[in-house]
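Subject: Structure for you to look at

Hello,

Here is the structure I promised to pass on. Please keep it open while you read the notes below.

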Amino acid sequence: MFIEDESDGYQVYLLRLWRARCQDQWEWRASIESPGTGERQSFASLEQLSAYLGEQCERQVPHAPDGLGT
């Protein structure tokens with residue numbers, strides 16, 4: 001997991017993007033790295049990267065106490 005500090009909802013990543021040839025087509029690849037831990041996550045597509053980042057952001061959404069909020 002790449003969350004730098006869960007308490008403030010702030011995340012930092014080093015993003016790398018490159019194109020790779022796959023079956024006569026060029027496809028984007030990506031990796032993100034946590035500067036704090038050096039941990040790296042790789043993705044075979046931009047869609048996978050986007051889904052992963054979306055999941056990480058959802059984990060950071062503050063939740064209202066039970067009985068409050070929508």
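Is D24 buried or exposed? D24 is exposed, with a relative accessible area of 65%; exposed means over 50%, buried under 20%, and partly exposed in between (1.4 Å probe, protein chains only).

Some ground rules come before the rest. This is a predicted model, in which local features need pLDDT of at least 70 and side-chain atom pairs count only at pLDDT 80 or more, while totals for chains, interfaces and linings use all residues. Residues are numbered from 1 along each chain as its sequence is written, and side-chain values use heavy atoms, with hydrogens and water left out.

Confidence: pLDDT is the predictor's confidence in each residue, from 0 to 100. The protein averages 83, and 74% of the residues score at least 70. Over residues 1-5 the pLDDT is below 50, yet beyond near neighbours in sequence this stretch has 22 contacts in the model. Contact means heavy atoms within 4.5 Å.

The sheet: helices (H or I, at least four residues) and strands (E, at least two) are DSSP runs, numbered from the N terminus. Three strands form an open antiparallel sheet in the order β1-β2-β3; two strands pair if DSSP finds at least two bridges between them. β1 (14-22) and β3 (40-43) are at the edges with a single partner strand each, so one side of each has no neighbour in the sheet. β1 pairs with β2 (residues 25-33) over nine bridges, and L14 stands opposite E33 in β2. Helix α1 (residues 46-59) packs on the sheet and touches β1, β2 and β3; its direction makes about 30° with that of β2. For such angles, axes are lines fitted to C-alpha atoms, for helices over the stretch in contact, and angles run from 0 to 180 degrees between N-to-C directions.

The core: the largest nonpolar core has five residues, A30, I32, F43, L49 and Y52. Such a core is a set of buried Ala, Val, Leu, Ile, Met, Phe, Trp, Tyr and Cys residues joined through side-chain atoms within 4.5 Å. β2 and α1 are the elements that give two or more residues to this core. Leaving aside neighbours within four places in sequence, A30 is in contact with residues including W18, F43 and L49.

The loop: Q23 lies between β1 and β2, and D24 lies in the loop between β1 and β2 as well. Most residues other than glycine have a negative phi. Q23 has a positive phi of about 50°, and phi of D24 is near 65°. Q23 is exposed, with a relative accessible area of 75%.

Regards
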